[in-house]
Amino acid sequence: MSDREKKTEKLRKDLLDEDVYNRPTLCTDCGGIMVFKGVGEYKCEDCGSLGYDDYGKARNYIEMHPGATMAEVAGATGVTQKSIREMVRESRLEIAASSNVFLRCEICGTTIRSGRFCAKCETAHHREIEERARNAKNINLAGFGMEKSAGEDGAKRFKRE
Ligand SMILES: [Zn+2]
Ligand SMILES: [Zn+2]
């Protein structure tokens, strides 16, 4: 491993504790910073060279080869099946119906093609999250009101000039 590779590797680790999708951080051509452009695509801010993370690679391949199975995508892109499965679970990728990826709704158990829940349960799930957010917001607002009248304790914790 060359010095530059070591430096690159260290910087990569420093930048990302959790590098689940093998995000490109430095340009392989010039060592410039890879800037996120969206949907798994990155562009070197120095030379304009393009790079892709696992999501970008898998997504591009599926776009070019509709109906590809998880094994085909993994074989062609070098992205691990575990990583692909994770992306499918997060609804980031949709694998063709003919593929060998089988997912089940975590609530009702029906077969689904992407994500964690079927459409019906997902809607219900979102309503629940929204309800929780609403409750949390109400609690925060209540907390704020108390802070204002908390007197010296509050002033100590939130010094403002
Ligand atoms: Zn570059
Ligand atoms: Zn369901």
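Predicted model: local features only at pLDDT ≥ 70, side-chain atom pairs only at ≥ 80, totals over all residues.
Thr80 sits in the loop between H3 and helix H4 (81–89). Helices here are DSSP runs of H or I with at least four residues, strands are runs of E with at least two, and both are numbered from the N terminus. Thr80 counts as exposed because it has 12 C-beta neighbours inside 10 Å. The cut-offs are 20 or more other C-beta atoms within 10 Å for buried, 12 or fewer for exposed, and partly exposed in between, with C-beta atoms placed from the backbone.

Residues are numbered from 1 along each chain as its sequence is written, while chains are lettered from A and ligands numbered from 1 in the order in which they are written.

Now the helix packing. H2 (residues 54–64) packs against H3 (residues 70–77) at about 115°, and their axes are 10 Å apart. Axes are lines fitted to C-alpha atoms, for helices over the stretch in contact, and angles run from 0 to 180 degrees between N-to-C directions. H2 contributes Lys57, Ala58, Tyr61 and Ile62 to the contact, and H3 contributes Val73, Ala76 and Thr77. Contact requires C-beta atoms, placed from the backbone, within 7 Å.

Next, the sheet. Three strands form an open, antiparallel sheet in the order E1-E2-E3. Strands pair if DSSP finds at least two bridges between them. E1 and E2 (residues 41–44) pair over four bridges. Met34 stands opposite Cys44 in E2.

Technical notes: Contact = placed C-beta atoms within 7 Å.
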